[in-house]
Amino acid sequence: MKNISIGDAELEIMKVIWKAKKPVTSLDIGKEVEDKGWKKTTIATFLTRLAEKGAIAGEKRGKLYYYTPLISQREYRRSQTKNLIYSLYNGSVRDFAVSFFEEQKLSDDDIKELKAIFEDKEV
């Protein structure tokens with residue numbers, strides 16, 4: 001997957017598109033982000049940027065454009081996690097994990113689930 005840099009506001013737009021699981025219009029997106037107070041032109045700008053970055057595709061149907069993601073939420077999360085580990089922990093997953101677990105209060109269920117994940121990864 002290519003590394004696509006998405007800003008915080010653009011990510012809010014992507015979350016709406018991912019959640020929809022079908023092509024959406026800027027009007028659909030506007031309804032979902034009403035609480036942000038963004039104008040139609042602001043949303044249009046974000047959509048243009050996301051299309052230029054290769055994160056979404058827009059298809060004109062009649063008078064409206066319908067937007068679909070070109071990257072999945074999972075792919076994006078993986079990419080961002082790799083970037084975070086590389087930039088903050090010099091690529092060390094171990095150092096990242098130690099830092100993360102030292103800061104978190106994990107429930108017994110969380111610990112069991114994590115142990116199961118690690119056991120599945122053992123070779």
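**Exercise 1. Classify Phe96 as buried or exposed, or in between, and describe its ring pairing.**

Step 1. Phe96 has 22% relative accessibility and counts as partly exposed. The cut-offs: buried means under 20% relative accessible area, exposed over 50%, partly exposed in between (1.4 Å probe, protein chains only).

Step 2. Note the source. This is a predicted model, where local features need pLDDT of at least 70 and side-chain atom pairs count only at pLDDT 80 or more, while totals for chains, interfaces and linings use all residues. Residues are numbered from 1 along each chain as its sequence is written, and side-chain values use heavy atoms, with hydrogens and water left out.

Step 3. Take the partner. Phe100 is partly exposed, at 37% relative accessible area. Phe96 and Phe100 both lie in helix H5, four residues apart, about one turn of the helix. Helices here are DSSP runs (H or I, at least four residues), numbered from the N terminus.

**Exercise 2. Find the stacked aromatic pair of Tyr65, then a second stacked pair.**

Step 1. Apply the rule. Rings of Phe, Tyr and Trp (its six-membered ring) pair if their centres lie within 6.5 Å; planes under 30 degrees apart count as stacked, over 60 as edge-to-face and the rest as tilted.

Step 2. Count. The rule gives six aromatic pairs.

Step 3. Tyr65 pairs with Tyr67: the centres are 6.4 Å apart, the planes 25° apart, and the pair is stacked. Tyr65 is partly exposed at 42% relative accessible area. Tyr67, at 14%, counts as buried.

Step 4. The rings of Phe96 and Phe100 have centres 6.2 Å apart and planes at 25°, so this pair is stacked.

Step 5. Extend to the cluster. Ring pairs link Tyr89, Phe96, Phe100 and Phe101.

**Exercise 3. Describe how H4 packs against H5.**

Step 1. Two packed helices are described by the angle between their axes and the distance between the axes.

Step 2. Read them off. The axes of H4 and H5 come within 9 Å and cross at roughly 90°. Axes are lines fitted to C-alpha atoms, for helices over the stretch in contact, and angles run from 0 to 180 degrees between N-to-C directions.

Step 3. Name the arrangement. H4 is roughly perpendicular to H5 (65 to 115 degrees; under 35 is roughly parallel, over 145 roughly antiparallel, the rest oblique).

Step 4. List the contact (heavy atoms within 4.5 Å). H4 supplies Leu84, Ile85 and Tyr89; H5 supplies Val93, Asp95, Phe96 and Ser99.

Step 5. Sort by type. The contact of H4 with H5 has five nonpolar, one polar and one charged residue. Ala, Val, Leu, Ile, Met, Phe, Trp, Tyr, Cys and Pro count as nonpolar, Asp, Glu, Lys and Arg as charged, and the others, Gly among them, as polar.

**Exercise 4. Locate Lys21 and Asn90, and state their phi values.**

Step 1. Lys21 has phi near 60°, a positive value in a residue other than glycine. Lys21 is in the loop between H1 and helix H2 (26–32). Lys21 is exposed, at 76% relative accessible area.

Step 2. Asn90 has phi near 50°, a positive value in a residue other than glycine. Asn90 lies in the loop between H4 (73–89) and H5 (93–103). Asn90, at 72% relative accessibility, counts as exposed.

How values were computed: Helix = DSSP H or I, 4+ residues; strand = E, 2+ residues; numbered from the N terminus.
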